[in-house]
Amino acid sequence: MTTSRRFLFVQFEFPWVLGPEPGRYTIRERLGEPPAHILVLRTLGAGERRRLAARRRPRDAPPEPPPAPVPTSRATLVDTRPIEGRELAERRLREADLDALATAALARLNRVLHAHRVAVADPFVRAAARDQALVVRVGYGDGERVADGRWDSAQELPSETRGARGARGRSAALRPQERLAALLAGRDAVLACEELALRARSDVGAGRLREGALQLRVAYEAALAELEPWRELPGLADRLRDLRGQREEVDAAADAALRGGLDEEHIETLHAVLARVEAALRARTAGMRL
């Protein structure tokens, strides 16, 4: 039985199992506040699991095997604030910034995945990105119907690519395929600071600023040491000099993170220095003969 109240939702489908068990999860923005969102996780199209010894024994593989079936995870984030009536819900949907709603919903989903990663102590649980989604929907419906995968009305958002996010031009300039070939052939090596900077960027992008500040300190120190042999590449010496002048600020931000929180100045340092480390890494790659 449906009611007059409607609820906005954002729904994603990803071609892998996200991690948490299927079911409903309550998301509160702050302790003591009522639930702000309900996350409904479903696994679709999962093949039947083989159990016990039969699952453990190897089997002959045909010479041309068909593609293995891939389970799909459906994640639906439902806003708990009710909208009185279908007409008002339709107007809200028409007037909403659908991309902004999807971005905010994805951030909440990744908070859940990060919490699951910590809860199960599994470093291989990964965050989800918009361009990895098979489909993104924004719509409204009765609460129970939405939880069951049905709705009154929804819009399917166009696929987002790296180019749409503004990264294509930068990636092209860095010749990622040439770099990959050089890495696989042993003509170049992955620097420790590159991975550390990526981890810092992941934390900052997810709003984990304390973790980002701590990760930045080790990325920063590693970058100064590892990039020194390439200081003669165009523009890199100046970037390294600028970075060295910010050691006190980087340490102060990391120390504040250890004490429990960052103020506005620390957050500004975090964003600025991380961007400079990334720029120095790009300058090294761009200046090399791959």
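Q: Which residue stands opposite valine 138 in β7?
A: β6 and β7 run antiparallel, joined by four bridges. Strands are DSSP runs of E (at least two residues), helices runs of H or I (at least four), both numbered from the N terminus. Two strands pair if DSSP finds at least two bridges between them. In β7, the residue opposite valine 138 is glutamine 155.

Q: Which pLDDT do local features need in this predicted model?
A: Residues are numbered from 1 along each chain as its sequence is written, and side-chain values use heavy atoms, leaving out hydrogens and water. In this predicted model, side-chain atom pairs count only at pLDDT 80 or more, totals for chains, interfaces and linings use all residues, and local features need pLDDT of at least 70.

Q: What share of the 290 residues counts as buried?
A: Buried means under 20% relative accessible area, exposed over 50%, and partly exposed in between (1.4 Å probe, protein chains only). The protein has 290 residues. The buried share is 37%.

Q: How many residues of strand β6 are buried?
A: β6 spans residues 135-141. On one side, Val135, Arg137, Gly139 and Gly141 are buried. On the other, Val136, Val138 and Tyr140 are buried, leaving both faces covered. The buried count for β6 is seven of seven.

Q: Which residue in β6 is the bridge partner of glutamate 13?
A: β1 and β6 run antiparallel. Seven bridges join them. In β6, glutamate 13 has as its bridge partner valine 135.

Q: Which residues are linked with Glu13 in a network of salt bridges?
A: A salt bridge is a side-chain nitrogen of Lys or Arg within 4 Å of a carboxyl oxygen of Asp or Glu. Arg137, a buried residue of β6, belongs to the network. The residues linked with Glu13 are Arg74, Arg137 and Glu156.

Q: How many salt bridges does the count come to?
A: Among them is the pair of glutamate 195 and arginine 199. Another joins arginine 30 to glutamate 33. By the 4 Å rule, the count comes to 23.

Q: How far apart are the closest N and O atoms of aspartate 152 and arginine 6?
A: The two residues form a salt bridge. The pair links distant parts of the chain, 146 residues apart: aspartate 152 is in the loop between α4 (143-147) and β7 (153-156), and arginine 6 is in strand β1 (residues 5-14). The closest N and O atoms are separated by 2.3 Å.

Q: Is arginine 6 buried or exposed?
A: Arginine 6 has a relative accessible area of 9%. The cut-off for burial is 20%. Therefore arginine 6 counts as buried.

Q: Why are glutamate 195 and arginine 199 separated by about one helical turn?
A: Their side chains meet in a salt bridge, 3.1 Å from N to O. Glutamate 195 is partly exposed at 37% relative accessibility, and arginine 199 is partly exposed at 42%. The separation is about one turn because, in helix α7 (residues 192-205), they are apart by four residues.

Q: What is the relative accessibility of arginine 30?
A: Arginine 30 forms a salt bridge with glutamate 33, the closest N and O atoms being 3.7 Å apart. Glutamate 33 is partly exposed, at 32%. Arginine 30 counts as exposed, with a relative accessibility of 55%.

Q: Which residue in β3 stands opposite threonine 26?
A: Strands β2 (residues 23-27) and β3 (residues 37-44) run antiparallel. Five bridges join them. In β3, the residue opposite threonine 26 is isoleucine 38.

Q: Which residue in β4 stands opposite histidine 37?
A: β3 also pairs with strand β4 (residues 72-79) in the antiparallel sense. Eight bridges hold this pairing. In β4, the residue opposite histidine 37 is aspartate 79.

Q: What distance separates the C-alpha atoms of aspartate 251 and histidine 266?
A: Aspartate 251 lies in helix α10. Aspartate 251 is partly exposed, at 24% relative accessibility. Histidine 266 is 15 residues apart from aspartate 251 along the chain. Their C-alpha atoms are separated by 9.7 Å.

Q: Is glutamate 265 buried or exposed?
A: Glutamate 265 is found in helix α11. Its relative accessible area is 59%. The cut-off is 50%, so glutamate 265 is exposed.
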